[in-house]
Amino acid sequence: MARQSRPPLPTILLTRHAAGAERFASQIRARIGSGTRILVAPLIEPVWLDPGPPPPHRAMIFTSETGVEGYCRRHGVTGSGQAYCVGEHTASVAAAAGYRTEAAEGDAESLVAKLLAARPEGPLLHARGRHARGGVAARLSDAGIPTHEAIVYEQRPLPLSPEAQGLLAGEGPVIAPVFSPRSGALLAAAAAVGKVRAPLYLAAISPAAAEAVSGLARRRLEIARQPSADAMLDAVRILYAAAMVP
């Protein structure tokens, strides 16, 4: 009787910025297994910007860890002050920089809702990237909480690496977590240029991120139950199990 060959093992393709990808890779190996095949191929990298002296403010708003790093690179670690953060991870980064922190539930909507309920005394300062969604500062200002913006970084697009191109052109299943609409759009654009033969499984952090990759042919799309790393890990685990089935 002929021995059946095993299907190829899935590979997880991480296209977020390098630091975030390496951190998520470690979390994947802890959740799924140390031997999990992972390829880190960033499609974006942060470029630090100088927004000039910050306007007077009573507290900070951070919607990403990169915003914390960009602001501290320009203005130094303060060692004190209040920071309202989009989620627990960003709050932990801000706390390490010396801020007293409060965390929302992982997205701009929950952060704005939290601030509108608390109504802290302004003005506030939102340190963010050039490409941002949610209109945080404008919505808070319109609601009577004066909020300024400091654009402290932008995410520069990178070409898809030859290794990632080869992975997508192969026969083995590929699981691609999508952490933002912009990185999803970059992945879709990169895939459109090359040849994609691999069975593709997509994990999106939000419906907006899922929409950005809606044009990609895929076996399955899983949207995280909430916009957090833990929920994304669950989505990746679900897809990994699905990809193991011939």
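**View 1. Residue A59 of strand 4 and its partner in strand 7.** A59 has L124 as its bridge partner in strand 7. The model shown here and in the other views is predicted. Strand 7 covers residues 124-129, and four bridges join strand 4 to strand 7. The two strands run parallel.

**View 2. Strand 4 beside strand 5.** Strand 5 is formed by residues 82-85. Strand 4 is joined to strand 5 by four bridges, and this pair runs parallel.

**View 3. Side chains along strand 4.** Strand 4 spans residues 59-62. A59 and I61 point one way from the strand, while M60 and F62 point the other way. Which of these residues are buried? All of A59, M60, I61 and F62 are buried.

**View 4. Cysteines C72 and C85.** Zero disulfides are found in a search of the whole structure. C72 takes part in no disulfide, and the cysteine sulfur nearest to its own, that of C85, is 11 Å away. C85 is likewise in no disulfide, its nearest cysteine sulfur being that of C72, 11 Å away. A disulfide requires two cysteine sulfur atoms within 2.5 Å.

**View 5. Burial of the two cysteines.** Are C72 and C85 buried or exposed? C72 has a relative accessible area of 15% and is buried. C85 is also buried, with a relative accessible area of 0%. Both values are under 20%, the cut-off for a buried residue.

Note on methods:
Residues numbered from 1 in each chain as written. Predicted model: local features only at pLDDT ≥ 70, side-chain atom pairs only at ≥ 80, totals over all residues. Heavy atoms only, no water. Buried < 20%, exposed > 50% of the residue type's maximum accessible area, 1.4 Å probe, protein only. Pairing = 2+ DSSP bridges.
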